[in-house]
Amino acid sequence: MKSLPLGIVLIILAWLPAGNLAAKEASQVVVMLSSDNPQVAGMALHMAWGMKRMANAEVTVILGAGSLQFALKEGDSPMFPPKKKNMRAVMQDVLDQGSKVYICSMCAFAQNIKQEQLLEGITIETGGVIMPLLADPKIKVLSF
């Protein structure tokens with residue numbers, strides 16, 4: 001069998017969609033969560049978990065306002081019945097799979113929440129870290 005000339009091979013490769021030749025770049029998703037309602041927050045965290053697990057997306061969860069309670073190591077943690085887990089355990093699932101979880105520094109300050117009170121892997125971040133994620137047109141942002 002004769003081999004194709006290099007020029008023809010290059011033309012064919014250039015014509016094929018790039019996704020067929022290389023692994024697709026993982027999409028980036030930010031899940032903004034401010035609700036203190038365990039049903040709403042549970043759904044948001046479950047979606048974050050699912051996008052990481054099923055779509056191999058690069059997921060960042062940003063917590064603000066009432067949702068900060070779900071990031072605390074101690075205290076009451078309401079149940080999220082669909083997963084038969086409390087919200088702390090649902091948050092831990094998101095962390096365990098490698099998603100980033102940030103807390104808005106202004107919200108932490110307003111609620112007197114310190115870094116040492118948070119589950120391991122959750123960090124308090126300023127607008128300098130958070131705002132570029134929200135402003136990037138290539139990143140999908142979901143808000144709950």
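Helices (H or I, at least four residues) and strands (E, at least two) are DSSP runs here, numbered from the N terminus. By that count the protein has five helices and seven strands, and along the sequence they run α-β-α-β-β-β-α-β-α-β-α-β.

Keep in mind that this is a predicted model, where local features need pLDDT of at least 70, side-chain atom pairs count only at pLDDT 80 or more, and totals for chains, interfaces and linings use all residues. Residues are numbered from 1 along each chain as its sequence is written, and side-chain values use heavy atoms, with hydrogens and water left out.

On confidence: pLDDT is the predictor's confidence in each residue, from 0 to 100. Its mean over the protein is 88, with 83% of residues reaching 70 or more. Residues 12–23 stay under 50, and the model gives them three contacts (heavy atoms within 4.5 Å) beyond four places in sequence. Where pLDDT is low, the predicted coordinates should not be read in detail.

Now for the inside. Buried residues (under 20% relative accessible area, 1.4 Å probe, protein chains only) make up 35% of the 144 residues. A nonpolar core is a set of buried Ala, Val, Leu, Ile, Met, Phe, Trp, Tyr and Cys residues joined through side-chain atoms within 4.5 Å. The largest one has 33 residues, and Val61, Leu63, Met91 and Ile122 touch the most other members. Helix α2 gives this core its largest share, six residues. Leu63 touches, among others, Leu33, Met91 and Val101, not counting residues up to four places away in sequence. Apart from that core lies another of six residues, including Ile62 and Leu133.

Methods: Buried < 20%, exposed > 50% of the residue type's maximum accessible area, 1.4 Å probe, protein only.
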